[in-house]
Amino acid sequence: MKARLVMGSATFFDAFNALSLAFALPTLIRFWHISPRQSGLLISASYVGQLAGALAFSALAEKVGRIRGTTAAIAIMSVLGFGCALAGNFPALLACRLVQGIGVGGEMPVAATYINELSRAHGRGRFFLLYELIFPLGLMATGQIGAWLVPAYGWRAIFILGGIPGVLITVLVARLPESPRWLIAKGRLREAQGIIEQIEASTARRIPAAANSPASFAPLPAQQRGWNELFSKFYRGRTLIVWMLWATTFFVANGLNNWMPALYNTVYHLSLRQSLRAASMTNVAQVALLLVCAFSIDRLGRRNWTVAAFVLGAGMLGFLGLWGAENVSSVMILGTLGYGVIGSIAAVLYLYTPEIYPTRIRAIGTGLATSWLRIASAAGPWLVGLLVDSHGVRSVFWMFAGVSVVGALVATGMVETSGRPLEEIAP
């Protein structure tokens with residue numbers, strides 16, 4: 001519980017820093033006379049950094065541990081928050097968002113791996129998703145705070161607010177115990193035993209451990225280790241499917257989330273405060289749907305939820321592409337619900353991806369998978385800017401609906417993992 005709370009705090013501000021630009025952008029567009037294509041580039045720069053961070057820190061976490069890897073990522077994310085606040089022009093802010101993205105991208109996959117490795121099989125979906133709920137709560141808080149903070153105190157305030165708590169959280173994360181599964185995989189059994197004894201001493205509750213017998217954790221010979229195992233005969237299909245799921249989910253979710261404030265303001269001509277308020281409701285919808293998901297995911301299954309959410313999201317966004325894009329009320333309702341549904345898949349993927357890989361490649365497998373969300377998230381906002389300029393807002397919703405259909409088809413190939421021990425799913 002302590003690990004979930006502390007790591008969850010880091011994830012909260014990961015979300016806050018990831019989305020903060022979206023609520024500063026309408027002001028920056030007016031102050032710096034930024035074009036739609038420049039806006040798309042500014043949004044995409046963070047995801048390019050996140051791509052590098054996901055790859056670098058997931059590899060680092062396999063070598064030096066989950067805690068050290070996460071701590072370094074949070075430190076970079078927090079320090080560059082102040083850098084963004086001090087930026088005086090477009091190129092400076094672009095550079096700061098690029099570097100800050102390295103920390104943002106590095107924190108999430110390693111933190112998800114760490115929490116997953118502390119979870120037992122029974123009820124793992126609910127346990128993990130209640131932790132993962134902190135990320136959309138961070139997005140929701142960014143929306144609610146940003147809608148009030150930016151008009152009142154200016155765009156720099158939201159970056160400062162995202163950076164200040166990061167220093168404290170960096171220290172708290174550094175003091176967490178290392179993942180016992182990672183220590184066992186590295187042959188550091190005495191350290192793992194000490195951490196497990198601390199965990200057991202913290203509660204009087206006891207759970208039968210037959211499914212997690214010591215034999216399950218025996219390290220594999222060195223020649224069977226390495227990132228190339230992701231493409232072995234056993235894991236190749238899982239790897240390709242999960243990569244496509246990350247790409248399709250976040251192409252839609254982050255494309256909508258980052259652009260909606262600016263679209264409400266520039267295309268639908270709402271005031272700045274109205275635009276930010278309307279955009280903030282997308283994350284309220286995601287939190288509500290994710291709560292439903294957390295308490296039903298172990299019963300419904302990862303695959304069924306993902307397929308159904310993609311289909312429902314495609315229907316809503318397709319309706320906007322056909323008939324509703326000219327009506328701001330329709331966009332508010334269906335765009336908000338569509339994002340909420342697709343956004344719930346994002347949390348499921350953070351649960352599902354670490355489940356399908358063994359401890360020896362879990363962090364690098366999750367990191368490589370999340371790199372596709374960074375690629376898709378960089379491409380999505382850029383393409384939205386191009387489409388709004390050349391074909392109007394209707395084409396944006398058509399694009400998102402089509403990508404959601406592809407995601408639904410891919411999701412039918414997922415391995416069902418509900419209620420199964422990690423070593424059974426990924427031997």
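This is a short tour of one chain, from its overall form down to a few residues.

First, the ground rules. We are looking at a predicted model, where local features need pLDDT of at least 70, side-chain atom pairs count only at pLDDT 80 or more, and totals for chains, interfaces and linings use all residues. Residues are numbered from 1 along each chain as its sequence is written, and side-chain values use heavy atoms, with hydrogens and water left out.

Now the overall form. The chain has 17 helices and zero strands. Those are DSSP runs, numbered from the N terminus: helices are H or I with at least four residues, strands are E with at least two. The radius of gyration is 21 Å, close to the 22 Å that the globule rule gives for 427 residues, so the chain is as compact as a globular protein of that length. That radius is taken over C-alpha atoms, and the rule is 2.2 Å times the number of residues to the power 0.38. Along the principal axes, the C-alpha atoms fill a box of roughly 65 × 45 × 40 Å.

What share of the residues is buried? Of the 427, 59% are. Buried means under 20% relative accessible area, exposed over 50%, partly exposed in between, with a 1.4 Å probe and protein chains only.

On to aromatic rings. The whole structure holds 15 aromatic pairs. Rings of Phe, Tyr and Trp (its six-membered ring) pair if their centres lie within 6.5 Å; planes under 30 degrees apart are stacked, over 60 edge-to-face, the rest tilted. Take Tyr-235 and Tyr-357. Their ring centres are 6.1 Å apart and their planes stand at 45°, so this pair is tilted. Tyr-235 sits in the loop between helix H9 (189-201) and helix H10 (236-266), and Tyr-357 in the loop between helix H14 (328-355) and helix H15 (362-390), so the pair ties together parts that are 122 residues apart in sequence. Tyr-235 is buried at 2% relative accessibility. Tyr-357 is buried too, at 0%. Elsewhere, ring pairs join Phe-12, Phe-13 and Phe-16 into a cluster.

One last stop: Ala-363, in helix H15. Ala-363 is buried, with a relative accessible area of 1%. Which residues does Ala-363 touch, leaving aside neighbours within four places in sequence? Ser-58, Ala-61, Glu-62, Arg-66 and Thr-113 are in contact with Ala-363, contact meaning heavy atoms within 4.5 Å. Gly-237 lies 126 residues from Ala-363 in sequence and 18 Å away in space, C-alpha to C-alpha.
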